[in-house]
Amino acid sequence: MPSCNNSIPQPLIFILTGIPGLESSHGWFSTFFFLIFVITIIGNGTILNIIWIEKTLHEPMFLLLATLSVVDLCLVTVTVPRMLGIFWMNAKEISLEACLTQMFFIPSFYVMESGILLAMAFDRFAAIWYPLRYTTILDRNMLVKMALAILARAVAVVTPAPILTKRLERFQTQVISYSYCAYMAVVMIACGDISNHVVYGLMVIVASVGIDLLFVILSYTLILCAVFRIPSGQARRKALSTCGSHLCVIGLFYSPVVFSVLSQILGYHMAPYLQIIIDNLYFLVPPMVNPLIYAARTKQMRERVLRVLTCQRN
């Protein structure tokens, strides 16, 4: 294990190891990640195309879904190609500038996705609690303001990461035991006091994913209270079905984060390669599965997808 006794100045080139300890399985991981990438591009591209063409889908719920698809496409685009370069071509070297760029964009898109899921929870809350005022509450101006707020928060929360990293002067090694330039992975190989960096990392989680999850839970608690007060069983089931796809996406998105945080609180230390795999799943699985869930569980989207497939078959 490198130490600060033989520290080096801030390197101009870092070396990403991929998934350390499982180098012999990099070929299998590359196939898995490539399939995720292809499915994500096709699925989210189809969602965007259908929403763009079908004017009847130009309503708040589906416009937020289109925004989610755009962010998902951006997230896999800045993550997967670099990983495949490591696994397929052994392209492990990454410049400091490229590392800092990746360090900014990957968590930015992740924080944006969390914000969009919160906006979608508010959308369902408004639709069920205020059905007559729904389109007035979530008009185009409100959607634009929500999108700008989500973007501004992501930039504000994540921008300090590359700035703080740039100020690190001495490093134990130039090897980053990760598949991408994660902020804490770089900080952990730095020399000197890194307590401020650790605190900042925790604040990012709390100020973004933590707050979003809290308000999502609050929104759905209020939604369920309203739904179970509906006297008609059929109307109650219909109201719940409109939220079903979103609840699936929320569970898929937040469960790895909750699992990781709880494991650290309870003192369970995972093997480094397992932690890296789970961190990769944070960014890769939700963008792939989101369009599949919405296409399968949302009636309007399911009908449009089946219509597209039928036209192509004919």
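Q: Which helices each supply at least two residues of the nonpolar patch?
A: The model is a predicted one. In it, helix H1 (26-53) and helix H2 (60-89) each contribute at least two residues to that patch.

Q: Which residues make the patch, and what is its area?
A: The patch covers about 790 Å² and is made by Phe34, Leu35, Val38, Ile39, Ile42, Trp88, Met89 and Leu292. H1 provides the largest share, 5 residues.

Q: And where does leucine 292 lie?
A: Leucine 292 belongs to helix H10 (residues 272-297).

Q: What is methionine 301 in contact with, leaving aside neighbours within four places in sequence?
A: The contacts of methionine 301 are Ile47, Ile50, Ile51, Leu57, Phe62, Leu65, Tyr294 and Ala295.

Q: Now the rings. How many aromatic pairs does a search of the whole structure find?
A: The search gives 16 aromatic pairs. One of them joins tyrosine 180 and phenylalanine 283 in an edge-to-face arrangement, at 5.6 Å centre to centre and with 85° between the planes.

Q: Why does that pair tie together parts that are 103 residues apart in sequence?
A: Tyrosine 180 sits in the loop between strand S5 (175-176) and helix H7 (183-187), whereas phenylalanine 283 is in helix H10, so the pair links parts 103 residues apart in sequence.

Q: Is tyrosine 180 buried or exposed? And phenylalanine 283, buried or exposed?
A: Tyrosine 180 is buried, as its relative accessible area is 5%. Phenylalanine 283 is buried as well, with a value of 8%. The cut-off for buried is under 20%.

Q: Which residues do ring pairs link into a cluster?
A: The cluster consists of Tyr110, Tyr178, Tyr180, Phe253, Tyr254 and Phe283, linked by ring pairs.

Q: What about proline 286: where does it lie?
A: Proline 286 is located in helix H10, and at 2% relative accessibility proline 286 counts as buried. Leaving aside neighbours within four places in sequence, proline 286 is in contact with Asp72, Glu113, Leu252, Phe253 and Leu281. Of these, Phe253 also belongs to the ring cluster.

Q: Change of topic: what does the count of salt bridges come to?
A: The count comes to 2 salt bridges. In one of these, the side chains of aspartate 123 and arginine 124 meet at 2.8 Å, N to O. Aspartate 123 is buried, with a relative accessible area of 2%, and arginine 124 counts as buried at 8% relative accessibility.

Q: Which residue does aspartate 212 form a salt bridge with?
A: Aspartate 212 is bridged to arginine 153, and their closest N and O atoms are 2.7 Å apart. Aspartate 212 is in helix H8 (residues 195-227) and arginine 153 in helix H5 (residues 140-158), so this pair ties together parts that are 59 residues apart in sequence. At 1% relative accessibility, aspartate 212 counts as buried.

Q: Where is the place of threonine 17?
A: Threonine 17 is in the loop between strand S2 (13-16) and H1, and is buried, with a relative accessible area of 13%. Not counting residues up to four places away in sequence, threonine 17 touches His26, Ile86, Lys92, Val175, Ile176, Ser177 and Tyr178.

Q: Lastly, isoleucine 94: in which strand does it lie?
A: Isoleucine 94 lies in strand S3 (residues 93-95) and is buried, at a relative accessible area of 3%. Isoleucine 94 and tyrosine 180 are 86 residues apart in sequence, yet 9.4 Å apart in space, C-alpha to C-alpha. Leaving aside neighbours within four places in sequence, the contacts of isoleucine 94 include Leu12, Phe14, Arg82 and Cys181.

Definitions and conventions
Residues are numbered from 1 along each chain as its sequence is written. This is a predicted model: local features need pLDDT of at least 70, side-chain atom pairs count only at pLDDT 80 or more; totals for chains, interfaces and linings use all residues. Side-chain values use heavy atoms; hydrogens and water are left out. Patches are made of residues with over 30% relative accessible area and no salt bridge: like charges are joined within 9 Å, nonpolar side chains (Val, Leu, Ile, Met, Phe, Trp, Tyr) within 5 Å. Accessible areas come from the Shrake-Rupley method with a 1.4 Å probe; for residues, only the protein chains shown count as cover. A salt bridge is a side-chain nitrogen of Lys or Arg within 4 Å of a carboxyl oxygen of Asp or Glu. Helices (H or I, at least four residues) and strands (E, at least two) are DSSP runs, numbered from the N terminus. Contact means heavy atoms within 4.5 Å. Rings of Phe, Tyr and Trp (its six-membered ring) pair if their centres lie within 6.5 Å; planes under 30 degrees apart count as stacked, over 60 as edge-to-face and the rest as tilted. Buried means under 20% relative accessible area, exposed over 50%, partly exposed in between (1.4 Å probe, protein chains only).
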